[in-house]
Amino acid sequence: MTHISITSVPVPAGLAGPDAVDFLAVAELLNAQQQEFWGNDDFYAPPQAQLAGRGSTPTRRRELLAARMGTEPDAAIIGVAQLNLPLTDNLHTGTVNVVVAPVARRQGVGTALFAAAAKLASAAGRRMLMAETDHLGGGRAGTGEDNSGTENAAAFIPHDAAAAFAAGLGFRLELVDRVSVLELEGYDAEAVLGQAARTAGPGYELEFWRGACPEELVDAYARLRQKMSTDAPLGGLELAEEAWDAERVREAEGKARGMDAEVLVTAVRHVATGELAGHTVLEVFRNNPAVAYQDDTLVLDAHRGNRLGMLLKAANLEKLRKAIPEACRVYTWNAEENRYMLAINEQLGFAAVGYSGEWQADLSAE
């Protein structure tokens, strides 16, 4: 077998110079993999957006590793590993994503890329690596075996090539997310919002911003983002609470601007105390305004039972329809065990289109 060489791909300052050739090849490979999997361009990311999203920041170190057949520096890139290492919390962890071109699969390329990424992670003191696999299909898919950290998680994940690759590398399936889509054509957001507002009652009021969080709310918003990191179900994933402050909020907003993304946030305030009781986030990339992506939705424990989750999501969907009328559909991800949020999404009209497996490998066990 031809020797597989693994090299680091620096993130260039721009896309015009010769130092951007490898990065552009990586961006093309990642986009091709998304198109192959989904059968559409709903997850296409322009090279400029990938450039803005792949650089390291004060809170996260990001590495790109490329695989080539042979040792020639100009050999075509046939695979890539993306490695993300948190720098302010969860310092025992990292996340890895391995993509191999169809012509180079089943030749050891993915295994070589993972080994190189795991070596980097170990050198940085990380003992746990997380990874994600995607699987199309809206129904339960029995696997015949259970590698999960929960009793029935594997019932949603087929034992396909992606799952077999992860399991073969020593990963365990610890959490399953349902991937759902809401088609917005004919969707009556105002009617849903009106019903949710009546249920919540007069004790709460909504706050909305597009882009940057208002300065007077940023500290409270940071607390919500921090709470979100452990409030959502984690299954068997060994993750601790993230560290969020106003500076990290601004960093995330800057990254979104660099990726040419519109960020729509609706928060809910408890009138009696002035406390922000929850929030929800939608992102739309200007290169494809037909597609929106649901990010965080959180309601603090003390304010649950007032249908605020429905109120928040319905309000943000109404804002989306008015702010970006080109939007046609919304993707969302929810842990299969999160019955409360899944019930809200089902009432809103979301339908399952697939599942994501969240996997974890213990590097210290090797």
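I took contact to mean heavy atoms within 4.5 Å. The model I examined is predicted, so local features need pLDDT of at least 70 and side-chain atom pairs count only at pLDDT 80 or more, while totals for chains, interfaces and linings use all residues. Residues are numbered from 1 along each chain as its sequence is written, and side-chain values use heavy atoms, with hydrogens and water left out.

**Entry 1: Thr59 and helix α2**

I looked up the neighbours of Thr59, setting aside residues up to four places away in sequence, and found that Thr59 touches Leu85, Pro86, Leu87, Thr88, Arg248 and Glu251. Thr59 sits in the loop between α2 and β2; helices (H or I, at least four residues) and strands (E, at least two) are DSSP runs, numbered from the N terminus. Is Thr59 buried or exposed? Thr59 has a relative accessible area of 10% and is buried; the cut-offs are under 20% relative accessible area for buried, over 50% for exposed and in between for partly exposed (1.4 Å probe, protein chains only).

In helix α2 (residues 47-54), I listed Ala49, Gln50, Leu51, Gly53 and Arg54 as the buried residues. These buried residues of α2 pack against α1 (21-38), β2 (60-69), β3 and α7.

**Entry 2: Helices α6 and α7**

Two packed helices are described by the angle between their axes and the distance between the axes. I found that the axes of α6 (residues 218-231) and α7 (residues 246-258) come within 8 Å and cross at roughly 85°. Axes are lines fitted to C-alpha atoms, for helices over the stretch in contact, and angles run from 0 to 180 degrees between N-to-C directions. The two helices, α6 and α7, are therefore roughly perpendicular; angles under 35 degrees count as roughly parallel, over 145 as roughly antiparallel, 65 to 115 as roughly perpendicular and the rest as oblique.

Which residues of α6 and α7 meet? On the α6 side I recorded Val218, Asp219, Tyr221 and Ala222, and on the α7 side Ala246, Val249 and Arg250.

**Entry 3: Aromatic rings**

Rings of Phe, Tyr and Trp (its six-membered ring) pair if their centres lie within 6.5 Å, and planes under 30 degrees apart count as stacked, over 60 as edge-to-face and the rest as tilted. By this rule I have twelve aromatic pairs. In one of them, Phe156 and Tyr355 have ring centres 5.2 Å apart and planes at 45°, so this pair is tilted. Phe156 lies in the loop between β5 (128-136) and α4 (161-168) and Tyr355 in strand β12 (residues 351-362), so the pair ties together parts 199 residues apart in sequence. I found both Phe156 and Tyr355 buried.

Trp209 and Tyr221 make an edge-to-face pair, at 5.1 Å centre to centre and 85° between the planes. Trp209 and Tyr221 are both buried. I also traced a cluster in which ring pairs link Phe37, Trp38, Phe43, Phe285, Tyr293, Tyr331 and Trp333.

**Entry 4: Positive phi**

Most residues other than glycine have a negative phi. Asn90 has a positive phi of about 50° although it is not a glycine. I located Asn90 in the loop between β3 (77-86) and β4 (93-100), and Asn90 is buried at 9% relative accessible area.

Arg106, also not a glycine, has a positive phi of about 60°. Arg106 is in the loop between β4 and α3 (109-123), and at 81% relative accessibility Arg106 counts as exposed.
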